[in-house]
Amino acid sequence: MTTDLKTKITSMFCNHEVGTLATIRENRPYSRFMLFFNKGLVLYCATNEHTHKIEDIKSNPHVHILLGMQGSGWNDPYAEIEAEASFEESADLKQKFWDEKLSEWINSPEDPEYLLLKLTPSVIRYYEKAGSEAEVLEG
């Protein structure tokens, strides 16, 4: 893993919070927009425990994430991320990653229906811009 690539990916994660999360349901992909947070290269997103994505992840924890290219055009960096999803129970992390934008689905950081998804990447394909060659980070 090159430090330069890790730095570029982490910076892009910090500056692009809206992306897509794809799960598998009945052997078919299902994508939805999510609000992402990060701690280094690990991504987190909040959800209500009564969503289909929770059922999907319990059946198959392998997910795919697209992050980047927000509003500025085709020359923005972006990443395609293969990850394994798990459920984060830490009250401290739930508080840290709470955002008022989530209040439409989750009442507060203390809401018992609030689940924090931890998305641990296995492969990250980082692109400086559309059409560029991917830089790949595995692990």
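Here is a short walk through this structure, point by point, for someone opening it for the first time.

1. **What kind of model it is.** Please keep in mind that this is a predicted model. The protein chain holds 3 helices and 7 strands, and along the sequence they come in the order α-β-β-β-α-β-β-α-β-β. The radius of gyration is 15 Å, close to the 14 Å that the globule rule gives for 139 residues, so the chain is as compact as a globular protein of that length.

2. **Overall dimensions and surface.** The C-alpha trace spans about 45 × 35 × 30 Å along its principal axes. Of the 139 residues, 43% count as buried. The chain exposes about 8000 Å², with carbon and sulfur atoms supplying 49% of that area. If we take contacts between residues at least 6 apart in sequence, 63% of them join residues at least 24 apart.

3. As a reminder, an α-helix has 3.6 residues a turn, so residues three or four places apart point the same way.

4. **Aromatic pairs, starting with Phe37 and Phe97.** A search of the whole structure turns up 4 aromatic pairs. In one of them, the rings of phenylalanine 37 and phenylalanine 97 have centres 5.6 Å apart and planes at 25°; planes under 30 degrees apart count as stacked, so this pair is stacked. Phenylalanine 37 lies in strand β2 (residues 28-39) and phenylalanine 97 in the loop between α3 (91-96) and β6, so the pair ties together parts that are 60 residues apart in sequence. Both phenylalanine 37 and phenylalanine 97 are buried.

5. **Tyr44 joins in.** Tyrosine 44 also forms a stacked pair with phenylalanine 97, at 4.8 Å centre to centre and with 25° between the planes. This pair links distant parts of the chain: tyrosine 44 is in strand β3 (residues 42-48) and phenylalanine 97 is in the loop between α3 and β6, 53 residues apart. Tyrosine 44 has a relative accessibility of 4%, and because buried means under 20%, it counts as buried. Phenylalanine 97 is buried too, with a relative accessible area of 4%.

6. **Charges over rings.** The charged end of arginine 25 sits over the ring of tyrosine 30, 4.1 Å from the ring centre. Lysine 94 lies over the face of tyrosine 114, at 5.3 Å from the ring centre.

7. Which backbone angle stands out at glutamate 26? Glutamate 26 has a positive phi of about 50° although it is not a glycine. For background, most residues other than glycine have a negative phi. Asparagine 27 also has a positive phi, near 65°, and is likewise a residue other than glycine. Glutamate 26 lies in the loop between β1 (18-25) and β2, and asparagine 27 is placed in the loop between β1 and β2 as well. Glutamate 26 is exposed, at 74% relative accessibility, and asparagine 27 is exposed with a relative accessible area of 75%.

8. **Tyr127 at the end of β6.** Is tyrosine 127 buried or exposed? With a relative accessible area of 12%, tyrosine 127 is buried. Tyrosine 127 belongs to strand β6, residues 114-127. Leaving aside residues up to four places away in sequence, tyrosine 127 touches Pro77, Tyr78, Glu80, Ser132, Glu133 and Ala134. Tyrosine 127 and histidine 16 are 111 residues apart in sequence and 14 Å apart in space, C-alpha to C-alpha.

Methods: Residues are numbered from 1 along each chain as its sequence is written. This is a predicted model: local features need pLDDT of at least 70, side-chain atom pairs count only at pLDDT 80 or more; totals for chains, interfaces and linings use all residues. Side-chain values use heavy atoms; hydrogens and water are left out. Helices (H or I, at least four residues) and strands (E, at least two) are DSSP runs, numbered from the N terminus. Buried means under 20% relative accessible area, exposed over 50%, partly exposed in between (1.4 Å probe, protein chains only). Contact means heavy atoms within 4.5 Å. Rings of Phe, Tyr and Trp (its six-membered ring) pair if their centres lie within 6.5 Å; planes under 30 degrees apart count as stacked, over 60 as edge-to-face and the rest as tilted. A charge sits over a ring if NZ of Lys or CZ of Arg is within 6 Å of the ring centre and within 35 degrees of the ring normal. The radius of gyration is taken over C-alpha atoms; the globule rule is 2.2 Å times the number of residues to the power 0.38. Accessible areas come from the Shrake-Rupley method with a 1.4 Å probe; for residues, only the protein chains shown count as cover.
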